[in-house]
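This briefing goes through a single protein chain, element by element. The sequence and the coordinates come first, followed by the notes.

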Amino acid sequence: MVIELNERSKQILRQIVDTYVETGEPIGSKTIASRLEQPVSPATVRNVMSSLEDAGLLYSPHTSAGRLPTDLGLRFYVDGLLQTGDISEDERQNIDSQCAVAGRQPEAVLDEAISTLSGLSRYAGLVLAPHAEHPFKQVEFVPLGPGRALVILVATNGVVENRVIDVPLGVGATTLIEAGNYLTQRIAGRTFAGVREAIELEMGEQRSQLDDLAQNVVQAGLATWSVDNARDESVLIVRGQAKLLNDVTTLQDLERIRALFEALETKKTMLRLLDLVQDGNGVQIFIGAENQLFGLSGCSMIVAPYREGDQNARVLGAIGVIGPTRMNYARIIPMVDYTARAVSRLLSHPITS
């Protein structure tokens with residue numbers, strides 16, 4: 001549906017959205033009339049607001065209250081009225097300095113990037129990354145204290161994965177060494193899927209202390225990757241979920257956020273999101289329930305692809321933020337875009353010590 005608005009209607013819609021982003025509260029005709037560049041009576045503003053409501057761009061949360069933008073109104077604003085600038089020099093330096101650390105593995109670069117993005121935007125940061133299936137060659141366990149151990153998984157391509165797992169109480173250093181040797185014999189030359197199948201088969205035949213430890217490895221590490229036989233695996237990493245609660249005031253909002261993360265954690269949704277970002281051009285913005293990707297309202301997502309090199313290179317994944325629909329789009333869009341380009345530079349030209 002194509003919606004045509006005259007200049008006055010655009011100015012009024014812009015004022016309503018800007019106030020919504022700033023306060024989250026409805027705005028009335030008198031307040032809007034006082035903020036417009038050209039003098040307009042509150043009655044004229046009310047007529048325009050009524051027309052915008054009929055077009056599906058605004059709604060009134062309460063009788064005789066001011067207006068708020070709908071998801072469609074926010075989309076119209078983002079696509080046609082929003083003026084984005086650039087991030088500040090301090091934000092640029094923060095992103096560059098936090099991500100560009102000597103000797104970083106790709107996983108560490110992405111983890112640092114979304115942590116930085118979450119901190120600067122004050123929303124939850126996320127990254128969606130294809131994860132190639134590489135055989136493993138070694139596993140070791142390091143005791144961290146009663147009931148806790150660090151498992152170190154080494155792949156044949158040199159990638160090292162560290163996971164903290166729970167272990168049965170009373171398991172000592174000697175047992176952990178034996179467990180490492182036990183699993184290394186079964187991991188060497190096998191992928192995640194192959195290791196899981198082999199360990200679960202053996203656990204079905206025998207229940208020993210070492211088998212319990214192996215099961216914890218599967219549950220805490222190997223089971224975290226979604227499997228798709230038709231393409232590379234994908235993994236979703238999210239940092240700063242608690243920041244979403246800063247703008248949440250009702251149980252309904254909490255339920256929407258919970259449902260959003262449940263949707264994101266499914267393999268189908270992750271792959272669909274990656275496809276949408278790859279098919280799009282530049283920063284992609286998903287507002288509320290307008291997109292069938294999630295089928296719920298109350299949250300928006302701003303994501304951008306990161307690549308092997310320049311803008312024409314192959315898309316490796318997506319990075320961005322999740323927040324309430326009233327997030328500051330003008331500030332967050334260029335921030336996500338710059339972070340994605342910074343990650344692309346680092347992954348295509350990694351820093352070495």
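Helix 4 (residues 71-81) has the buried residues Gly73, Leu74, Arg75, Phe76, Tyr77, Val78 and Leu81. Buried means under 20% relative accessible area, exposed means over 50%, and partly exposed lies in between, with a 1.4 Å probe and protein chains only. Helices (H or I, at least four residues) and strands (E, at least two) are DSSP runs, numbered from the N terminus. The buried residues of helix 4 pack against helix 1, strand 2 (68-69), strand 8 and helix 12 (329-348); contact means heavy atoms within 4.5 Å.

**Basis of the values**

- The model is predicted: local features need pLDDT of at least 70, side-chain atom pairs count only at pLDDT 80 or more, and totals for chains, interfaces and linings use all residues.
- Residues are numbered from 1 along each chain as its sequence is written, and side-chain values use heavy atoms, with hydrogens and water left out.

**Whole chain**

- The protein chain contains 12 helices and 10 strands.
- Of its 353 residues, 46% count as buried.
- Among contacts in the protein chain with a separation of 6 or more, 63% come from residues 24 or more positions apart.
- The protein chain exposes about 17600 Å², and carbon and sulfur atoms supply 47% of that area; accessible areas come from the Shrake-Rupley method with a 1.4 Å probe, and for residues only the protein chains shown count as cover.

- Strand 9 (residues 299-307) is mostly covered, with nine of its nine residues buried.
- On one side of strand 9 the buried residues are Cys299, Met301, Val303, Pro305 and Arg307, and on the other they are Ser300, Ile302, Ala304 and Tyr306.
- Strand 8 (residues 284-287) pairs with strand 9 in the antiparallel sense over four bridges; two strands pair if DSSP finds at least two bridges between them.
- Within strand 8, Gln284 and Phe286 point one way, Ile285 and Ile287 point the other way, and all are buried.
- Phenylalanine 286 stands opposite methionine 301 in strand 9.
- Strand 9 also pairs with strand 10 (residues 315-324), in the antiparallel sense and over nine bridges.
- Cysteine 299 stands opposite proline 324 in strand 10.

- An α-helix has 3.6 residues a turn, so residues three or four places apart point the same way.
- Helix 3 (residues 42-54) has 13 residues and reaches 18 Å from its first C-alpha to its last, close to the 18 Å expected at 1.5 Å a residue; the expected span is 1.5 Å times one less than the number of residues.
- The buried residues of helix 3 are Val45, Val48, Met49 and Leu52.
- Seen down the axis of helix 3, these buried residues fall within an arc of 100°, so they line one face of the helix; the arc is that of the directions from the helix axis to the C-beta atoms.
- Exposed residues Asn47 and Asp54 are on the face of helix 3 turned away from its buried side.
- Cover for the buried residues of helix 3 includes helix 1 (7-23), helix 2 (29-35) and strand 1 (58-59).
- Serine 9 lies in helix 1 and is buried, with a relative accessible area of 10%.
- Leaving aside neighbours within four places in sequence, serine 9 is in contact with Val48 and Leu52.
- Glycine 56 follows helix 3 and has a positive phi, near 85°.

**Selected residues elsewhere**

- Arginine 122 is not a glycine, yet its phi is positive, at about 70°.
- Arginine 122 sits in the loop between helix 6 (106-121) and strand 3 (124-131), and at 54% relative accessibility it counts as exposed.
- Serine 97 lies in helix 5 (residues 89-99) and is partly exposed, with a relative accessible area of 43%.
- The side chain of serine 97 reaches the backbone oxygen of glutamine 93 at 2.8 Å.
- Serine 97 and threonine 116 are 19 residues apart in sequence and 9.9 Å apart in space, C-alpha to C-alpha.
- Tyrosine 182 lies in helix 7 (residues 173-187) and is buried, with a relative accessible area of 17%.
- Tyrosine 182 and valine 139 are 43 residues apart along the chain, with their C-alpha atoms separated by 9.0 Å.

Technical notes: A polar contact is a pair of N or O atoms within 3.5 Å; within protein, one must be able to donate a hydrogen and the other to accept it, and residues adjacent in sequence count only if both atoms are side-chain atoms.
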